[in-house]
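Colleague: I would like to learn how to read a fold like this one. Could you take me through it, feature by feature?

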Amino acid sequence: MALTVTAPAIPEARQVVRADGPIAAVASILRRRGMDPGKAALTEDRPDSTDEYQREVYRQAWVNSLRLSGHDDYARFTLAKLHADQFPDHVRTYVDKCVEARALNREQEKLPEGEREIVRPTVQHLILHGSTGTRKTATAAAAGAYAVERGLMTRFVSHSKYLGWLRPDSAPAGLTRTQILERYERCDVLILDDLCEEMDEYATNHVRTLTNNLITARANKGRGTIFTTNLNFDQVEVVLGERLASRIGGRALPLKLVGDDARKPQRW
């Protein structure tokens with residue numbers, strides 16, 4: 001059961017945050033996640049509830065991850081806006097199971113290191129697949145918004161952008177390569193959009209290694225990952241290799257989205 005700690009209200013908007021107490025604890029968490037507490041609404045608009053404050057920081061991190069990937073407009077999607085053929089109930093259940101696993105893993109962290117076990121959700125990988133324009137990314141974005149509301153640190157990144165940001169001096173917003181790795185390996189839920197996009201029939205060993213490291217690091221810690229892709233399992237296997245495709249498909253729930261291209265492009 002989650003414990004809600006209510007912090008005392010700060011009478012002055014610019015009052016310095018104490019070096020101890022719940023707010024300082026949250027600030028410490030933010031630093032470990034590569035975030036700057038000084039830019040995370042610690043002033044007059046900070047909620048008095050530490051849980052709500054952390055959730056607001058998570059909302060900001062979620063929206064920022066969409067912005068970095070060029071998907072700002074997807075911040076509007078929620079489970080309530082999904083159609084029945086976008087599997088809102090399955091998405092909700094998946095996120096709820098991730099919440100349960102995260103809570104159990106936090107309890108495990110209180111045990112001596114040699115006694116800890118990693119708890120994994122029953123379904124660790126949610127795979128949203130289908131042809132172009134079937135609203136896979138919108139569905140994933142709604143899942144991300146719901147995960148944030150349930151108190152999970154959630155981030156969004158396209159597969160190609162993630163790989164590009166790991167090239168020398170290519171990380172965005174002043175981030176380092178190490179911060180990029182930690183940011184997407186350590187969040188509670190990751191949406192990896194457009195898996196294998198534009199990787200026609202093969203990927204270099206370097207791409208396979210980076211993708212494998214990301215997925216393996218997350219799987220080993222029991223963290224959930226949502227994939228969107230236009231490809232089926234066999235096609236992903238061709239691009240990323242049998243072993244990595246098997247890892248993605250392990251403990252997975254594939255949901256196929258169907259229908260006409262929602263973008264309704266003009267053809268010529």
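Predicted model: local features only at pLDDT ≥ 70, side-chain atom pairs only at ≥ 80, totals over all residues.

Colleague: How many helices and strands does the protein chain have?

Modeller: The protein chain has 9 helices and 5 strands. Read from the N terminus, the elements go α-α-α-β-α-β-α-α-β-α-β-α-α-β. Of the 268 residues, 43% are buried. Now take contacts between residues at least 6 apart in sequence: 79% of them join residues at least 24 apart.

Colleague: In what order do the strands lie in the sheet?

Modeller: The order is β2-β3-β4-β1-β5, in an open sheet with parallel pairing. At the edges are β2 (154–158) and β5 (252–256), each pairing on one side only. From one strand to the next, the twist averages 15°.

Colleague: How many bridges join β2 to β3?

Modeller: The count is 5, and β3 covers residues 189–193. T154 has V189 as its bridge partner in β3. S158 has D193.

Colleague: Which helices should I look at against the sheet?

Modeller: Take two of them. Helix α4 (residues 136–149) packs on the sheet and touches β1 (125–129), β2, β3 and β4 (224–229). The direction of α4 makes about 165° with that of β4. Helix α7 (residues 205–220) lies across β1, β3 and β4. Against β3, α7 runs at about 155°.

Colleague: Which residues of helix α6 are buried?

Modeller: In α6 (residues 177–186) they are I180, R183, Y184 and E185. Their cover includes α2 (50–68), β2, α5 (159–165), β3 and α7.

Colleague: I also noticed an arginine, R102. Where is R102 placed? Is R102 buried or exposed?

Modeller: R102 sits in helix α3 (residues 88–108). Its relative accessible area is 16%, so R102 counts as buried. The cut-off for that class is under 20%. Leave aside neighbours within four places in sequence, and R102 contacts R150, G151, L152 and D188.

Colleague: Last topic: helix pairs. What describes two packed helices?

Modeller: Use the angle between their axes and the distance between the axes. The crossing is right-handed.

Colleague: Which residues make the contact between α8 and α9?

Modeller: From α8, they are F233, V236, E237 and L240. From α9, they are E242, L244, A245, S246 and I248. Sorted by class, the contact has 6 nonpolar, 1 polar and 2 charged residues.

Note on methods:
Residues numbered from 1 in each chain as written. Heavy atoms only, no water. Left-handed = near helix turned anticlockwise from the far one by under 90°. Helix = DSSP H or I, 4+ residues; strand = E, 2+ residues; numbered from the N terminus. Contact = heavy atoms within 4.5 Å. Nonpolar A, V, L, I, M, F, W, Y, C, P; charged D, E, K, R; others polar. Buried < 20%, exposed > 50% of the residue type's maximum accessible area, 1.4 Å probe, protein only. Pairing = 2+ DSSP bridges. Axes fitted to C-alpha atoms, helices over the stretch in contact; angles between N-to-C directions.
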